[in-house]
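Thanks for coming. Please have the sequence and the structure open while I talk.

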Amino acid sequence: MTILIGGGYFIAQGTLEPVSLATYALYINIFVAPIEVLVEFTEMLQKGYSGFKRFMEVMDTPIDIQDNEDCHDLKNVEGVIDYKHVSFGYDNDKVFDDLNIHIDKGRSVALVGPSGGGKTTICSLLLRFYDVDKGTIEIDGQNIKDLSLKSLRKSIGIVQQDVYLFTGSIKDNIAYGRPGASDDEIIEAAKKAMIHEFIMTLPDQYDTYVGERGTRLSGGQKQRISIARIFLKDPKILILDEATSALDNESERYVQRSLEALSKNRTCITIAHRLSSIRNADEIIVINEEDIKERGTHEELLALNQIYARYYRLQFEGLEDI
């Protein structure tokens, strides 16, 4: 703009030819364009370098949970779980103290309580995402600290509320549960998860592209694909962490049927706020304020008419004060 105004003034004074102004403006543009590219490149380089440094800091973070030198693989899993006098806390924030839970093989246990009560932490300790401060956690009578992390986590399947699907096909996402599985095994897992019929209606069927985080699928469809993963993995121990809490009623019904089939003949730990999904659990444990407050079957806890009964009435009889 300055060039045009200045050039126009000199042309009006007769000291500059219009052709000279045009030529000068063209030279300026040729000169400035590489400078703009260089500035953009420098900015991109700085951002990229900063991101790379943060990435390397994360990758270089020491891993706190390591295999013991004399660890061994967990084999022939039955699924008996014992929390013996377990205490744990984050820094100075105690989550629970002297926790004792016994789960027989093939049994279903539900954990109920307010957010922040330690339900998810109990499951995270079983997977050794954290190590206990005191006490021991055992699977089939073996301290999980004496087991290799790979074999321990291979023996446990998790269905979470937030399902992560990778960019790729439906078949690839299901196969993530057991890399190297055959097409027939993947299809069988999808049938058990009650998602096969839906997949067959898609244009590319099992080769259908799902997008990052499964953006092309509904919440219920993504959840059933994650359940198909677990069927393919076929673990003896199953953790259901709020698996249906983000679904509408119709999707929840389909997913709940899939979860019931998945839980059959497996040791199952369920974390739930929707009490309708745990009514048939073999034992329900109510956790509140760093401790187990109640435990028993659905009918037994209703008969106690205390914390669990209050939760149940709040959900199914309205929000009146009890």
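Which backbone atom lies 2.5 Å from a polar atom of the side chain of arginine 266? The answer is the backbone oxygen of proline 235. Before I go on, note that this is a predicted model.

Let me stay with arginine 266. Its place is in the loop between helix 9, residues 249-263, and strand 8, residues 267-271. Is arginine 266 buried or exposed? Arginine 266 has 9% relative accessibility, so it counts as buried, the limit for that being under 20%. Leaving aside residues up to four places away in sequence, arginine 266 touches Gly106, Arg107, Phe231, Asp234, Pro235 and Lys236. Pro235 in that list is the residue whose backbone oxygen I began with.

Next, the aromatic rings. How many aromatic pairs are there? The count comes to 4. One of the pairs is phenylalanine 88 with tyrosine 130, whose ring centres are 5.7 Å apart with 45 degrees between the planes, and this pair is tilted. Phenylalanine 88 belongs to strand 1, residues 81-90, while tyrosine 130 sits in the loop between helix 3, residues 119-126, and strand 4, residues 134-139. The two are 42 residues apart, and the pair links distant parts of the chain. Phenylalanine 88 is buried because its relative accessible area is 4%, whereas tyrosine 130, at 36%, is partly exposed.

Tyrosine 130 also pairs with tyrosine 90. Here the arrangement is edge-to-face, with 5.4 Å from centre to centre and 85 degrees between the planes. Tyrosine 90 lies in strand 1 and tyrosine 130 in the loop between helix 3 and strand 4, so this pair ties together parts that are 40 residues apart in sequence. With 32% relative accessibility, tyrosine 90 counts as partly exposed. Put together, Phe88, Tyr90 and Tyr130 form one aromatic cluster.

Last, the open space. How much space lies in the largest pocket? About 750 Å³. Its lining is made up of 28 residues, and those nearest the centre of the pocket are Ile156, Gly157, Gly177, Ile230 and Lys233. The elements that give two or more residues to this lining are helix 4 (149-154), strand 6 (156-160) and helix 8 (219-233). Which of these elements gives the most? Strand 6 does, with 5 residues. Sorted by class, the lining of the largest pocket has 14 nonpolar, 6 polar and 8 charged residues.

That is my part.

Technical notes
Residues numbered from 1 in each chain as written. Predicted model: local features only at pLDDT ≥ 70, side-chain atom pairs only at ≥ 80, totals over all residues. Heavy atoms only, no water. 1 Å grid on protein atoms, 1.4 Å probe; cavity = no way out; pocket = protein on both sides within 12 Å on 5 of 7 lines; lining within 4 Å. Points joined across faces, edges and corners; volume = space filled by probe spheres on them. Helix = DSSP H or I, 4+ residues; strand = E, 2+ residues; numbered from the N terminus. Nonpolar A, V, L, I, M, F, W, Y, C, P; charged D, E, K, R; others polar. Buried < 20%, exposed > 50% of the residue type's maximum accessible area, 1.4 Å probe, protein only. Polar contact = N/O pair within 3.5 Å; in protein donor to acceptor, adjacent residues only side chain to side chain. Contact = heavy atoms within 4.5 Å. Phe/Tyr/Trp six-rings, centres within 6.5 Å; stacked < 30°, edge-to-face > 60°.
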